[in-house]
Amino acid sequence: MLVLSGSEPLPGQQVAWQSTAGISAPTGPVTTTSAGTASTTLTVGPLGEGQTASSTACLSGTTTCADFSTFGSRPELATLTAVSGTSQSIPDTATPSPVTLRVLDVDGNPMAGGTVSLSQALYAWSPPCPPRGRCAQAQLLASQTTELTSALDGTVTLTPLTLPGVATNLQGLAATGNNGILKFSVEQHPE
């Protein structure tokens, strides 16, 4: 919450949040910073599909308040979007960057608490397929399946499978909801 006097921030002001059905707020007030902001962590839910919960933050000793609302998401309609690391091509001596994805609700907002199933298959590196003939069959070196839960900003981050110093091709698949699927890959090629 931002507390202003005209257009100037007001530091040192007390702001209190109210607990309501579906939202649990801290019991004591929060003091505004030099920038006039007061923030706290509200515990929300669980909320059913389409359920709404609201809370109010008020400047202590006044009737100046701000309302906050949360909405229950439909996890079966969640989707995934790439944040970083989903397509890497690096030397076999380098360390792959983490793969970060974001779970989005049906309206395209980041969704906290979404479940993401991740499958990784690590193959021995093979050169690109020739223009004619058969592609070399790469050997499966390792595989892993994990399940992660999205953070408040909707993100999940995983460390790609790797074999240090070994040239590999990693193929990954992330899934959430009924149709939220995203592929990722990390090629660690010989130098």
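Cysteine 129 and cysteine 135 are joined by a disulfide, with an S to S distance of 1.7 Å. Please keep in mind, as you look at the structure above, that this is a predicted model. The torsion about the S-S bond of cysteine 129 and cysteine 135 is about 120°, so this disulfide is right-handed.

How accessible are the two partners, cysteine 129 and cysteine 135? Cysteine 129 has 45% relative accessibility and counts as partly exposed. Cysteine 135, at 42% relative accessibility, is partly exposed as well, because that class lies between the 20% and 50% cut-offs.

Which cysteine is joined to cysteine 58 by a disulfide? The partner is cysteine 65, and the S to S distance is 2.0 Å. The link of cysteine 58 and cysteine 65 is right-handed, with 105° about the S-S bond.

Here the two partners fall into separate accessibility classes: cysteine 58 is buried, whereas cysteine 65 is partly exposed. The relative accessible area of cysteine 58 is 16%, which means it falls under the 20% cut-off for buried residues. For cysteine 65 the relative accessible area is 38%, so this residue belongs to the partly exposed class, between 20% and 50%.

## The pairing as a whole

How many disulfides does the count come to? It comes to 2 disulfides: one joins cysteine 58 to cysteine 65, and one joins cysteine 129 to cysteine 135. With bonded cysteines counted along the chain, the disulfides follow the pattern 1-2, 3-4.

Methods
Residues numbered from 1 in each chain as written. Predicted model: local features only at pLDDT ≥ 70, side-chain atom pairs only at ≥ 80, totals over all residues. Heavy atoms only, no water. Disulfide = S-S within 2.5 Å. Buried < 20%, exposed > 50% of the residue type's maximum accessible area, 1.4 Å probe, protein only.
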